[in-house]
Amino acid sequence: MKDTTASGAELGAARLLLARMGISPAELLEAAVARPQAPTFAEYVPVVAAAVTAGTRRAYGSYWKRVVERWGQRRLDEPTPSEIEQLAEHVKTHVVARRNARGGRSAAEHLIAALRCLYRRAVADGFIAAADNPALKVAKPRRLPSTRRAVADTRLAEIYEVAASTGDDPALDSLLLRLHTETACRRGGALALRPADLDPDQCLILLREKADTMRWQPVSPTLMRYLLRHAEERGATEAGQLLRYRNGQPITRRRYDYLWARIGEHLPWVYVQQISTHWLRHTTLTWVERNFGYAIARAYAGHSENGGDVGTTATYVKATLQEIAGALSALTNEPHPLS
């Protein structure tokens with residue numbers, strides 16, 4: 001008959017020994033698994049780049065390129081946490097100097113995030129063990145508070161005036177500013193907008209933004225008319241991009257760069273403070289929060305209701321489309337079908 005007491009004691013002793021060595025049973029089992037040889041960075045980066053979303057490629061692509069330039073022929077399991085820290089410091093000190101730069105902290109943070117994304121895929125593909133992921137053993141630089149804030153009404157009027165009276169396409173630029181001010185949408189949401197995403201009867205637009213999120217957002221009847229007219233006059237197909245140049249070509253993020261550079265030439269404070277489209281999002285959401293409360297501002301922003309900072313009360317104060325439309329009507333002084 002098997003001595004269960006003895007085997008239980010041996011098992012306990014083995015667990016105690018592993019604990020003292022800092023090894024978990026799961027790690028012991030994982031180490032016993034035969035793994036394929038890890039690919040080089042030059043081989044694996046294109047694989048990961050092809051598997052992630054366009055937004056992730058845009059955020060991490062330049063950092064993956066630097067990793068390949070530095071470690072292209074090295075295998076994924078070769079760099080140590082110390083080497084990653086050294087690379088992050090190199091990126092931080094050699095970042096392109098801009099007026100709104102913050103000492104390269106953001107560049108170092110993005111490099112580490114790009115490597116974590118890369119190694120997360122390598123773990124999933126079985127090339128390295130989760131416990132051997134060196135990127136997770138490197139701390140990101142502490143993120144500094146954003147300098148963005150709401151723009152005062154008088155200043156916002158100045159921005160609108162310059163956009164509507166200068167440049168090669170004032171109608172397009174005015175429409176962009178109104179779209180972002182009314183909806184607080186991100187650039188990606190505006191660029192992804194299609195004629196098929198417009199609901200004229202209820203004055204709603206479908207915004208598709210980062211992390212593949214989708215939400216219906218109320219707009220004023222005036223903005224809806226402008227969007228429909230823009231799509232018709234510039235030849236936007238139902239499934240094609242709505243926002244276009246006069247020649248029918250879809251706009252890109254460069255239009256925003258051109259717009260704010262031009263406004264900055266006419267308004268020095270815009271240039272000095274590095275005002276951008278995202279400041280309009282801050283402006284609108286601040287106004288909504290001050291006048292209609294946190295719950296409606298959160299819904300207006302399209303933020304996730306399942307985030308860790310929401311709190312239990314979010315279950316009870318979830319804003320409806322009618323409430324958001326009411327906030328919009330007050331913002332634009334126009335009645336809305338849902339309000």
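**Exercise 1.** How many bridges join strand β2 to strand β3, and do the strands run parallel or antiparallel?

*Solution.* The model is a predicted one.
- Step 1: locate the strands; β2 covers residues 204-208 and β3 covers residues 214-218.
- Step 2: take the pairs at the ends. Leu204 stands opposite Pro218 in β3, and Arg208 has Met214 in β3 as its bridge partner.
- Step 3: β2 and β3 are antiparallel and are joined by five bridges.

**Exercise 2.** Which residue in the turn between β2 and β3 has a positive phi? Which residue in the turn between β1 and β2 has one?

*Solution.* 
- Step 1: β2 and β3 make a hairpin, with five residues between the strands. In that turn, Ala211 has a positive phi of about 60 degrees.
- Step 2: β1, residues 198-199, pairs with β2 in the antiparallel sense over two bridges. Leu198 is placed opposite Ile205 in β2.
- Step 3: β1 and β2 also make a hairpin, with four residues between them. Cys203 lies in this turn and has a positive phi of about 55 degrees.

**Exercise 3.** How many disulfides does the structure hold?

*Solution.* 
- Step 1: a disulfide requires two cysteine sulfur atoms within 2.5 Å.
- Step 2: the structure holds zero disulfides.

Terms used
Residues numbered from 1 in each chain as written. Predicted model: local features only at pLDDT ≥ 70, side-chain atom pairs only at ≥ 80, totals over all residues. Heavy atoms only, no water. Pairing = 2+ DSSP bridges.
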